[in-house]
Amino acid sequence: MAIARQRIRLPQGAWRSAAGSLTKGDLWDGDDIARLEREFAAYIGTEDAVTVPSGRAGFRFLFDSLQLEPGAEVICSAFGYPVVPYLIKSLGYKVKFVDCEMQTLGMDPNQLAAAISQDTGAVIGTHLYGVPCQIDRIAASADASGAALIEDCAHCYGAAVGDRKVGSFGVAGCFSFETSKVINTMGGGVVTVYKKELGDRIRDLAGKEPRNGMKWLGKRLATTTFESLVTNPLLFNLGVYQALRLAPKGEDNERFASGYHGDEVSMSGKMGRYTNYQAGLGLKGMRSVGEVVARRKANAERLITNLDDIIKFQKPAGPDVFANYMLVTAIVPNLLALSDRLLKNGIDTKHLYMRDCSRMLDAPSAFPNAERAEKEVLHIPAHPHMSFAQIDAMSATIRRIVETA
Ligand SMILES: Cc1ncc(COP(=O)(O)O)c(C=O)c1O
């Protein structure tokens, strides 16, 4: 059986809850929004949390609420999700990049210390693929120069450093509930905030967005159902895998690299108002996610242990860091040749999810680690639905391919 790069599932009871909410009339507004915000803030350990229509919209409302000086400098890791620096630039701020480190793939704290100054208005610490960056050191630099620290926690629900959850280290943390994320409410997200006043300003802006309609709901349900079907092991083996194998290789194929639908680097369809219906799905997700994360972590650690002697993997910075391993990330030279051989042997992998943003935004200097990460980061499947037997069999195949390469 071939293994898909990721497994998307419809949130528990998605269709049933939609029908129930329609009947009760609490699809758009209701008590679940406030309940989710309260539970989320309590879980992360912040004063407040605000639901938003997407992770990127969370960044948008946050920057509109932070009251930074117009044109202030915002420091981001050169290796990351391009939407975020594009958005910040479009809001009139000056994006400054700092290179990533190769162990956590997050921002290098030493390089941040050299780059930060009194001109820096904000620093964004991004936790990639479920592995926290060195956020305590990044926070110390931001504090020392009076810059606001923002955490990008799109991948990192539940991850922690010591006894603190990510999303609680700075003035705010932005989470995403898009379909491939740890909590999936078919889009949406949360901004956690250290101070309630900031939360109120974000809530006010988010509340001014127009309400989505039935067309939006139908589209969300249809696309998520489609994603769950194409990544279902049976259907994946019956058709999708063959289609991937036959797809033309080369530059054109890059659009398949991130997900099966390509990557959307825009805000379109990502605004609107978060719904009470989604908040209900989020609450259910929060209650059941512990078990799923534990399984995901066990699979990831088994895969990494199996192959650690022949492949370099992204790893947490220390033993007190809790990673949720949203994705297992190998750093491999000759990525395209390897991913091609893996696909021929039934292992579908993912790459080019994060990019060297400095190149995309024409930064004046080069960032060698970000450049290398873009070329060498390969995600190997270890979904929570895979058994240890599957992980071990897949590891043996990968070992054979790497050792004979
Ligand atoms: C690191 C990172 N930040 C932010 C986002 C934006 O989240 P959303 O797609 O919910 O807007 C993503 C989305 O994948 C992401 O990967």
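In which sense do strand 6 and strand 9 pair, and over how many bridges? Strand 6 (residues 148-152) and strand 9 pair in the parallel sense, over three bridges. Helices (H or I, at least four residues) and strands (E, at least two) are DSSP runs numbered from the N terminus, and two strands pair if DSSP finds at least two bridges between them.

## Basis of the report

This is a predicted model, in which local features need pLDDT of at least 70 and side-chain atom pairs count only at pLDDT 80 or more, while totals for chains, interfaces and linings use all residues. Residues are numbered from 1 along each chain as its sequence is written.

Strand 9 covers residues 172-176, and five of its five residues are buried. A residue is buried if 20 or more other C-beta atoms, placed from the backbone, lie within 10 Å of its own. In a regular strand the side chains alternate between the two faces of the sheet. In strand 9, Ala172, Cys174 and Ser176 lie on one side, Gly173 and Phe175 lie on the other, and both faces are covered.

Ala172 of strand 9 is the bridge partner of Ile150. Strand 9 also pairs with strand 10 (residues 189-193), here in the antiparallel sense and over five bridges. In strand 10, Val190 is the bridge partner of Phe175.

An open sheet has four strands in the order 11-13-16-14, with antiparallel pairing. Strand 11 (312-313) and strand 14 (350-351) stand at the edges with a single partner strand each, so one side of each has no neighbour in the sheet. Strand 14 pairs with strand 16 (residues 377-380) over two bridges, and the bridge partner of His351 in strand 16 is Leu378.

## The nonpolar cores

A nonpolar core is a set of buried Ala, Val, Leu, Ile, Met, Phe, Trp, Tyr and Cys residues joined through C-beta atoms within 7 Å. The largest has 99 residues, of which Leu62, Val123, Cys174 and Val191 touch the most other members. Helix 10 (residues 276-307) gives the most to this core, with six residues. Another core, of six residues, lies apart from it and includes Ala14, Leu27, Met186 and Leu281.

## Around the ligand

Of the 14 residues around the ligand, Gly55, Arg56, Tyr81, Ala154 and Ser176 come nearest; a residue is near if its C-beta atom, placed from the backbone, lies within 6 Å. Helix 3 (55-65) and helix 4 (83-90) each supply at least two residues of this shell.

Notes: A residue is buried if 20 or more other C-beta atoms lie within 10 Å of its own, exposed if 12 or fewer, and partly exposed in between; C-beta atoms are placed from the backbone.
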